[in-house]
2 protein chains.
Amino acid sequence: MAGAISLVIAEAALETVPESIVTHPSVRNHASNLGRNPLEIMLDRSYHHAAMERLGLKSGWKRGRPDIIHVALIAAMSTPLFLKNLVRIYVSTVKDKAIFFGENLRIPKSYFRFEGLMMDLFREKVIRNSQNNATLIQLQDNVTFGYLVKNVIKPTKLIGLTKIGIQSTAEKVVSSHLSKNSDHCAFVIGGFPRGHFSQEISSLFDYSYSIGKFSLESHVVIARILYECEKTYSLY
Amino acid sequence: MAGAISLVIAEAALETVPESIVTHPSVRNHASNLGRNPLEIMLDRSYHHAAMERLGLKSGWKRGRPDIIHVALIAAMSTPLFLKNLVRIYVSTVKDKAIFFGENLRIPKSYFRFEGLMMDLFREKVIRNSQNNATLIQLQDNVTFGYLVKNVIKPTKLIGLTKIGIQSTAEKVVSSHLSKNSDHCAFVIGGFPRGHFSQEISSLFDYSYSIGKFSLESHVVIARILYECEKTYSLY
């Protein structure tokens, strides 16, 4: 048997609408359509672009992309590796919120349902199974990426996947790091649209790799890394 | 160089709301929220479940899942294989509509934007680049899967991916079929939530494979097959 696996979606562009833009018409209309308080809805560039630009949100280019997190989670949670409980998945957001997922979670493919789930999660901090009350998803405030890695996940190897890492392939990265039973590899993927990890995060990586000659979106990196992990685990 | 590649998402659960349920409150409310005529909006089980069940749509279990098609297209169109124009992608819907995609198309990851694009496509039959008027997406009515394959795609090998196919792996399927320059492999993936291809479609397959011991969602099959194609093409 090979080592253990964690996957962290870091600097995730997932947050509720910040107070500074809450009165903008694009935010108010969107909240009204959803039947929610404007402060409860997820910041989303598809709807709030004008507000985000006009009001100059700090690091705005890295924020308001719940669609990226949704697609990344779908890619991760549809794999046999996740369905067999062989990978733990974490989201660490731009606002230092850490999200924890229970085993066998089915993330909805419908964005409408995902959006509802996230609004509930950010408000209630926990989503429970309505039948047996088991915790499905949990959110903790004020948990930095560094704290999450060092005190919760505690991997033996923290491996960042980034365009500016050492040129390699998903196959090589996984086969060279996941071989020994004693290894716990945590793979870190960016949950933002473009650009690189902040220095605060990348400085913690034990290794940084770029898997391929092309710039790849987060969900593609996740799909390929987890697929190669399954091969190493001989899930076939 | 290896052979040519096409990908067909077949029996895709993508259609506008059928007339028989257009007066149901869930449809009318959804259309009103979108500011559209109810007959223009996409049938979506997340919103119209009650209407679909109450009014007993034929083969309802295979219909109204635009989210599945959205995620499948994101998985396909984010690959270097597609970005380098090395795979052609087609959607063949449950209602015999064929959808054709231009090269270098960027499909929006935001479902809100994708939904708008599909509503426009089903109404106008074509989406053009607003700058140079080039055709980005085109829809043709009354094109069966059989016609699309035999008269448009014309592959040398039609390969269905289905749970009830011969047990194999993505790696083996691709490496055994995509080796020769003269081969044009069309991979067919189901665009519906569960169950199997209809007999009308599966009877056209030259080969049927199941890639792995587990039931896999469409976007996972697409991600793995195209990734293995890239390896055969030595894109790294």
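## A buried lysine

B:K109 is buried in this predicted model, with a relative accessible area of 16%, and the cut-off for calling a residue buried is under 20%.

Who are its neighbours? Leaving aside residues up to four places away in sequence, B:K109 touches A:R65, A:D67, A:I68, A:V71, A:E217 and A:H219, along with B:H70 and B:I74.

## Helix 5 of chain B

Let's move on to the helix that follows. Helix 5 of chain B counts 14 residues and spans 19 Å from first C-alpha to last, close to the 20 Å expected at 1.5 Å a residue. Just after this helix, B:K125 adopts a positive phi of about 75 degrees.

Buried here are B:Y111, B:F114, B:E115, B:G116, B:M118, B:M119, B:L121 and B:F122. Their packing partners are helix 5 (111–124) of chain A and, within chain B, helix 1 (25–34), helix 3 (66–77), strand 3, strand 4 (126–128) and strand 5 (135–140).

## Helix 7 of chain B

In helix 7 (residues 170–177) of chain B, the residues B:A170, B:V173, B:V174 and B:H177 are buried. Because they cover an arc of only 90 degrees around the axis, they lie on the same side of helix 7 of chain B. The buried residues of this helix pack against helix 9 (218–232) of chain A, as well as strand 6 (157–168), strand 7 (184–190), strand 8 (207–211) and helix 9 (218–232) of chain B.

## How the two chains relate

Chain B superposes on chain A by a rotation of 180 degrees with 0.0 Å of shift along its axis, at an RMSD of 0.0 Å. The two copies are therefore related as by a two-fold rotation axis. Both copies use the same surface, as 100% of the contact residues of chain B recur in chain A.

How values were computed: Residues are numbered from 1 along each chain as its sequence is written. Chains are lettered from A and ligands numbered from 1 in the order in which they are written. This is a predicted model: local features need pLDDT of at least 70, side-chain atom pairs count only at pLDDT 80 or more; totals for chains, interfaces and linings use all residues. Side-chain values use heavy atoms; hydrogens and water are left out. Copies are superposed by least squares on the C-alpha atoms of residues with pLDDT of at least 70 in both. Contact means heavy atoms within 4.5 Å. Buried means under 20% relative accessible area, exposed over 50%, partly exposed in between (1.4 Å probe, protein chains only). Helices (H or I, at least four residues) and strands (E, at least two) are DSSP runs, numbered from the N terminus. The arc is that of the directions from the helix axis to the C-beta atoms. The expected span of a helix is 1.5 Å times one less than its number of residues.
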